[in-house]
Amino acid sequence: MRTIITYGTFDLLHVGHVNLLKRAKTMGDYLIVGLSTDYFNTLKHKQSFFSYSDRKIILESIRYVDKVIPEKTWKQKKEDILQYQVDTFVIGDDWKGKFDELCSFCEVIYLPRTDGISSTIIKENLRDDS
Ligand code: C2G
């Protein structure tokens, strides 16, 4: 069984997130998502609209996602990869190069982001319309 892992905030779930999750799942059999906690979001200078628990419920309803774990620190990735015997780490290419050294025994793949959509764009458009 090939295990894939990815990480993110996945706030205001949109087609860019779903495209990434769908493509990540095609690379293996089991997809784990490390979901940024509300506290970790502050370390990423992000404020998500939905709480961690709501974002977790939403992600767990996605057919491509098999398990959601909390992402609490930058450092946990190596431990997660060992603990879950991950074969492939996948993330959007806005992170290109950042995780090349993540692990010598797993594949690191950067996928092209979906253009024209982001949680920030959604929030800005809603603000402009209000
Ligand atoms: N994404 C995408 N296309 C978009 C928007 C997002 O492919 N239009 C991808 C991102 O590249 C990322 C995933 O969807 O792989 C989740 O996006 P975010 O929630 O913005 O994740 P981010 O804040 O980049 O967190 O430790 C890693 C971080 O937690 C990643």
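Reader: Is Phe99 buried or exposed?
Author: First, a word on the model: it is predicted, so local features need pLDDT of at least 70 and side-chain atom pairs count only at pLDDT 80 or more, while totals for chains, interfaces and linings use all residues. Residues are numbered from 1 along each chain as its sequence is written, and side-chain values use heavy atoms, with hydrogens and water left out. The scale is relative accessible area with a 1.4 Å probe on protein chains only: under 20% is buried, over 50% is exposed, and in between is partly exposed. Phe99 has 10% relative accessibility, so the word for Phe99 is buried.

Reader: How many aromatic pairs does the structure hold?
Author: Rings of Phe, Tyr and Trp (its six-membered ring) pair if their centres lie within 6.5 Å; planes under 30 degrees apart are stacked, over 60 edge-to-face, and the rest tilted. With that rule, the number of aromatic pairs is six.

Reader: What kind of pair do Trp74 and Trp95 make?
Author: Their ring centres are 5.9 Å apart. The planes stand at 50 degrees, so this pair is tilted.

Reader: How many residues apart are Trp74 and Trp95?
Author: Helices (H or I, at least four residues) and strands (E, at least two) are DSSP runs, numbered from the N terminus. Trp74 is in the loop between strand E3 (67-71) and helix H4 (76-83), and Trp95 is in the loop between strand E4 (88-92) and strand E5 (107-111). The pair links distant parts of the chain, and the separation is 21 residues.

Reader: And what kind of pair do Trp95 and Phe99 make?
Author: Here the centres are 5.6 Å apart. With the planes at 35 degrees, the pair is tilted.

Reader: Which residue lies over the face of Tyr7?
Author: A charge sits over a ring if NZ of Lys or CZ of Arg is within 6 Å of the ring centre and within 35 degrees of the ring normal. Tyr7 belongs to a cluster linked by ring pairs, along with Phe40, Trp74, Phe89, Trp95 and Phe99. At 4.9 Å from the Tyr7 ring centre, the residue over the face is Lys77.

Reader: Which residue in E2 is the bridge partner of Thr3?
Author: Two strands pair if DSSP finds at least two bridges between them. Strand E1 (residues 3-8) and E2 pair in the parallel sense over six bridges. In E2, the partner of Thr3 is Tyr30.
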